[in-house]
Every structure is written in structure tokens, then in C-alpha cells.
Amino acid sequence: MEAQNLSFGLSSTLPTSPIQNQKNPFFQILLKPSSSSSNNLTLKGVFLKPHVSFSPKSFPSKEFFQCRNCLQRTEREATTVPDSGVSKELRKKKLAVFVSGGGSNFRSIYEATLEGTVHGEVAVLVTNKNDCGGAKYAREQGIPVILFPKAKNSSEEDLVGSLRAYNIDFILLAGYLKLIPTELVQAFPRSIFNIHPSLLPSFGGKGYYGIKVHKAVIASGARYSGPTIHYVDEHYDTGRILAQGVVPVLANDTAETLAARVLQEEHKLYVEVAAALCEERIVWREDGVPLIRSKEDPNHYK
């Protein structure tokens with residue numbers, strides 16, 4: 001059973017005594033003011049039963065705490081994220097980036113982590129080509145590089161173990177041309193993402209990669225193209241779509257000029273998605289569609 005998202009607002013004027021949901025006594029929230037700010041609250045929730053829901057109208061504040069409920073009893077503590085930026089209490093997420101080529105998207109994400117745009121760090125790079133541009137750049141920056149597969153008998157379990165040793169939160173595929181092993185997909189559910197240079201589901205699937213995609217777009221007569229970031233499953237380009245960027249296809253475009261235009265949009269889009277992941281702004285609609293909650297306006301979703 002998939003976990004559902006739960007959102008509710010909190011006011012700094014609420015009492016410090018427990019708030020008990022009268023209709024569902026299986027969920028209780030304990031509130032206490034944070035010592036660092038009178039506007040921040042520390043929350044501790046105990047989840048014992050699925051499908052718990054609250055009406056946002058019950059809490060008038062604009063500060064929100066996003067969480068998931070589950071079938072097993074769990075406890076968690078968090079501090080509200082101020083509207084002005086990322087809370088200092090929000091843990092930096094650890095990212096693994098997979099590349100097979102020059103790694104321009106990898107560089108954009110890595111630079112964004114250094115600038116603070118992405119509240120995370122690139123902990124390791126995985127590649128199937130040890131001498132590719134992305135791997136060379138990673139080594140120059142002191143980022144560990146894992147070669148996978150090393151040989152025909154390479155173990156997927158070894159790769160999973162290596163990523164877990166780095167405490168990886170999210171895996172970002174950035175021009176990685178190998179099919180992700182089922183073992184890895186199962187070990188990191190809803191945590192692996194890929195960027196594809198077309199507006200999926202069009203021009204996707206096995207054999208659609210690189211310049212081949214842009215040639216197919218132009219040959220089709222499509223007036224628009226652009227990158228898609230999607231969750232990774234056991235097949236090529238079939239996971240749930242998370243974000244898309246749109247660029248025009250011009251009358252005199254070649255595959256190369258269109259590829260350059262799409263790539264610029266890729267760099268921008270992947271950084272935006274990486275930032276949303278690290279700030280825990282991904283929510284799931286009831287029909288299973290993932291959405292990105294706006295950082296500026298928590299009531300707006302992309």
C-alpha cells in the first residue's frame with residue numbers, strides 16, 4: 001500500500017499541550033516552541049493508522065509540515081521550513097549522479113549545490129565509462145567515482161551496497177545510457193530520476209537517446225519539444241512524469257540546434273527539480289501523479 005501525503009498548517013499561537021484528533025485517536029501531535037525562533041515549532045507525530053486526514057482550515061497559519069503516514073508505527077521530529085528559505089534544520093540530502101558522457105547536467109547540479117541553490121551534496125558519481133567527461137570532472141572535484149558495471153559478472157547488490165554506504169537519498173540519471181537494474185529500483189523506491197530530451201511519452205523508449213531523439217522530433221513536424229524528468233522504473237522512459245520544460249521547434253532547426261536549445265532547458269529544469277527534492281517539496285496526488293509544491297507559494301503546485 002502506497003503511503004499518502006498529509007499536509008496541515010500550524011500557528012505559533014497554538015498551545016503547547018497535545019492536539020488530539022477526536023475522530024481518529026490513533027494520531028497525536030505534540031507541539032513545543034523552538035528555542036531559536038518564536039515562529040518555529042517542533043513537531044512529534046506518532047502514526048498508527050493509514051488514511052489520517054486533517055482539514056487545512058483547522059490551522060490558519062501559512063507554515064506547513066509535510067509528512068507521510070504508514071502502516072507501521074513511526075516517530076519523527078521536524079522543524080517548520082520558513083517561507084523565506086530552507087530551514088537550517090532541514091538535513092542536506094546526499095545525491096548520487098549517474099553519467100555516461102560529458103555530464104553537463106551533472107555539472108549544473110553540482111555547481112548548484114555549491115551555490116546553495118540545491119540543499120544537498122553530490123556524494124558519489126556512477127558511470128559505465130571510466131574515462132568519460134563526467135567522470136573526469138568528478139575526480140577533479142574530489143567526488144568519488146564508481147564504475148558500473150566493471151565486468152560482465154558485476155553484482156547489482158554490490159552497487160546497492162556501495163550507494164547505501166554513502167547514505168544516498170536520491171539517484172539522478174544525467175545522460176546514463178544503461179538500463180537501471182531492477183534490484184536498484186527496488187532498493188531506492190521513488191528515489192531514482194531520469195532526464196530525457198523530449199516531451200514524454202513522445203519520442204521515448206529503447207533506442208531514443210541523444211541526437212536520435214531530436215532527429216525524430218524534427219521529422220515528425222512537432223512544433224514543441226523539451227526535457228522531461230521522470231521517476232525511474234524497470235523500463236526505459238515509462239516512470240511517472242515529475243516535470244517538463246518546453247522549447248519551440250523552429251522551421252529551420254537542425255537536430256544539433258534543437259539539441260542545444262533543449263540542453264539549456266535541461267540544465268535549468270534539473271536544478272529546479274533537485275532543489276525541490278532536497279527541500280522535500282514533492283507531493284503525490286490521490287491518483288498517483290507527483291507534483292512539485294512551489295517554494296514561494298505553498299498553495300501552488302507545478
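Which residue in β8 does Phe 98 stand opposite? It's Val 126, and the views below start from there. This is a predicted model, where local features need pLDDT of at least 70, side-chain atom pairs count only at pLDDT 80 or more, and totals for chains, interfaces and linings use all residues. Residues are numbered from 1 along each chain as its sequence is written, and side-chain values use heavy atoms, with hydrogens and water left out.

**View 1. β7 and β8 run parallel.** Strand β7 covers residues 93-99 and β8 residues 120-127, and the two pair in the parallel sense over seven bridges. Strands here are DSSP E runs of at least two residues, helices H or I runs of at least four, both numbered from the N terminus; pairing takes at least two DSSP bridges.

**View 2. The open sheet.** Seven strands line up as β9-β8-β7-β10-β11-β13-β14, with mixed pairing. At the edges sit β9 (145-147) and β14 (241-244), each pairing on one side only. From one strand to the next, the twist averages 25° (axes are lines fitted to C-alpha atoms, for helices over the stretch in contact; angles run from 0 to 180 degrees between N-to-C directions).

**View 3. Helix α2 over the sheet.** Residues 133-140 form α2, which lies across β7, β8 and β9 and runs at about 135° to β8.

**View 4. Asn 128 in its loop.** Look for Asn 128 between β8 and α2. Asn 128 counts as buried because its relative accessibility is 18% (buried is under 20% relative accessible area, exposed over 50%, partly exposed in between; 1.4 Å probe, protein chains only). Beyond its neighbours within four places in sequence, its contacts (heavy atoms within 4.5 Å) include Leu 147, Tyr 176 and Lys 178.
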